[in-house]
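Please turn to the sequence and the structure, which I shall now put on the screen.

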Amino acid sequence: MSEQGETIPIGLIDPVGATELMEGGGRHHLLLRQLDRVPEETIYALGREPHEVAVTYSSPTRVACSDGKTYWLKPKAQRGLAVELAAGRIVSRTGAGPNAKIVEVPAVVFRDDPRLGRFNGPVVGSLHLPGTFSTKEIRVMIGSGQFDSRVVDPASRALVIATQTWLNVEDAQVRVGALDGRVYSVDHGVALDAQLRGRPTNVVVVSIPGVSNDLGREWAIMKMAVETIESIREEEILAAVAGMPDAPGWQASFARRLAVATWLIKRQPYVGDVMREWCGVMS
Amino acid sequence: MISEGFYSILRYTPDSARGEAKNVALMLVDERRDIARLRVAPLSQITPKLNEHGVLDKLLVQFGSRLQAGELRDQAQVNALSRAIGPTLSLTAPIPAAIGDNVDATLKALYMAFVAPRQSRDAGISHGQLLDRLVKACRKAGAAIEPGAYVGDMLFDAILSGLGRRTPVQILSFDGASPNPRGLEQAAGYFLFALNRIHEDGLCVMQPPPEHAIDPARASYRRIRNWMEDGRVETIGPEGLPSMAASMSGAELLPLVMST
């Protein structure tokens with residue numbers, strides 16, 4: 001592994017001045033301006049799920065939305081909702097995780113519980129994945145014989161590892177389909193932040209109870225994941241950071257979003273080498 | 001334009017001691033526009049037991065009638081009802097909802113999110129699903145139908161009523177997840193015996209075996225069709241349900257293409 005580079009918090013970067021990170025910056029700048037003019041179709045929350053037990057401040061909440069789908073709402077993220085949404089859009093594009101959308105939450109939806117007023121306004125919604133379980137739930141399910149860890153799918157595991165490594169996801173989380181064993185990357189509130197110059201230095205592997213950390217660590221499988229990541233065009237990466245509200249909690253200034261996209265574009269070509277080495281294949 | 005309203009979920013608990021409730025329907029009320037809607041899940045996916053299916057259907061029909069009659073339009077009424085009914089059929093406390101211009105689209109989205117049973121793929125059309133289709137076709141056409149009902153001592157898949165007569169119905173599907181030709185023959189035999197006992201004309205709704213079906217299923221299908229013909233029982237396929245339902249309600253369907 002190469003030496004870890006200098007860390008620059010994205011929020012401090014001036015995209016005009018950071019020339020080293022801004023190769024092709026003028027074009028990216030213009031393209032992002034254009035993409036910002038094409039608004040994402042707004043979806044709004046219709047109603048929350050019935051609460052079986054009393055909710056706490058940190059309880060996640062699921063809502064049905066106007067596009068006919070169900071989303072988990074995220075009213076805040078450690079590094080801003082812009083990061084959560086951009087990473088969600090990228091994992092959806094690679095197929096490593098559920099799509100993320102901007103969800104407008106009318107005040108009526110939580111009018112019966114003022115504690116949940118924090119969800120009002122534009123927040124990030126992560127598409128609900130029915131029939132999937134967190135690693136914490138899987139640990140319990142294995143104990144009671146309700147989960148067979150042999151079903152876990154190596155190809156989707158490899159795709160999640162490669163994608164989370166590219167996005168530099170910290171405190172990474174996955175969910176696993178109980179029947180098909182497909183692995184999904186979820187919760188990306190702590191990602192895309194450290195401006196590590198050069199190639200990724202850490203391979204992000206989330207442990208799944210009952211499953212070897214080496215599942216998916218075969219180049220024949222990983223190669224497909226890398227090809228998927230490499231197939232994502234610059235325009236798509238810029239689209240992932242486009243059209244965000246500059247509302248409180250979002251940290252979605254134009255400069256910051258452009259810096260995130262540029263960082264992703266610069267990091268993308270290194271993913272193949274890093275994953276090849278991790279799989280024990282010398283280039 | 002978003003309107004304020006609320007929704008409530010109807011839950012079915014067949015065994016209150018075990019307390020395992022299933023979501024069976026969703027009620028949506030737009031208080032400002034005074035609109036109420038109810039969407040019910042396919043009951044065959046809630047319970048495979050025919051008599052339970054019948055009881056649950058009756059409860060939901062009663063509930064739907066109250067809603068239609070203008071009851072349960074505000075949260076206080078729903079709260080009172082949710083405390084009063086049960087334990088078999090219960091109602092969640094009203095949950096706020098943002099209702100768009102299209103109330104039915106909002107109803108569908110909430111129903112799909114919180115009530116709709118997950119569909120298994122490529123499992124064919126089961127007995128229960130065919131029964132659900134029959135009930136839906138009849139209710140849409142305004143024909144009276146009672147699923148899982150007795151006539152005398154004999155239990156039938158459904159009883160159709162209309163035009164001054166009642167018609168017991170048998171459902172037979174050769175296209176379910178695991179069709180059992182012998183079991184279907186026994187069911188057909190019971191149906192013919194029961195019709196004979198109560199001296200009524202019957203109707204048999206049959207889903208034919210799929211193309212890849214094994215020979216015993218095909219042979220059994222032909223055998224049962226012959227029995228029904230011998231017993232003068234009308235047999236229709238799923239595609240015939242809408243026109244049959246319309247004829248039972250007294251309103252024949254208009255032809256799709258009308259000649260001038």
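Predicted model: local features only at pLDDT ≥ 70, side-chain atom pairs only at ≥ 80, totals over all residues.

Leaving aside its neighbours within four places in sequence, with which residues is A:Leu46 in contact?

Within chain A, the contacts of A:Leu46 are A:Val63, A:Ala64, A:Cys65 and A:Ser66, once neighbours within four places in sequence are set aside. From chain B, A:Leu46 is in contact with B:Ala97, B:Ala98, B:Thr106, B:Ala109 and B:Leu110.

Let me turn to the contact between the two chains. Chain A contributes 18 residues to it, and chain B contributes 18 residues. On the side of chain A that touches chain B, strand 1 (43-48) and strand 2 (61-65) of chain A each supply at least two residues. Strand 1 gives the most to that side, with 5 residues. Sorted by class, the side of chain A that touches chain B comprises 10 nonpolar, 4 polar and 4 charged residues.

The next topic is the nonpolar cores. In soluble globular proteins, nonpolar side chains tend to be buried together. In this model, the largest nonpolar core holds 106 residues. The members that touch the most other members are A:Leu46, A:Ala86, A:Ala162, B:Leu26, B:Met27, B:Ala97 and B:Leu110. Helix 2 (residues 81-94) of chain A provides the largest share of this core, 8 residues. Apart from this core lies another, of 32 residues, and B:Leu130, B:Leu160, B:Phe174 and B:Phe191 are among them.

I now consider chain B as a whole. Chain B has 7 helices and 10 strands, and 37% of its 260 residues count as buried. Its C-alpha atoms fill a box of roughly 60 × 60 × 40 Å, taken along the principal axes. Of the contacts in chain B with a separation of 6 or more, 66% are accounted for by residues 24 or more positions apart.

Finally, I would draw your attention to one residue of chain B. B:Leu192 has its place in helix 5 (residues 181-198) of chain B. Why does B:Leu192 count as partly exposed? The reason is that 19 other C-beta atoms lie within 10 Å of B:Leu192, whereas a buried residue needs 20 or more. Leaving aside neighbours within four places in sequence, B:Leu192 is in contact with B:Trp227 and B:Gly231. B:Leu192 and B:Gly164 are 28 residues apart in sequence, and their C-alpha atoms are 22 Å apart in space.

Thank you for your attention.

Conventions: Residues numbered from 1 in each chain as written. Chains lettered and ligands numbered in written order. Core = buried A, V, L, I, M, F, W, Y, C linked by C-beta atoms within 7 Å. Buried ≥ 20, exposed ≤ 12 C-beta atoms within 10 Å, placed from the backbone. Helix = DSSP H or I, 4+ residues; strand = E, 2+ residues; numbered from the N terminus. Contact = placed C-beta atoms within 7 Å. Nonpolar A, V, L, I, M, F, W, Y, C, P; charged D, E, K, R; others polar.
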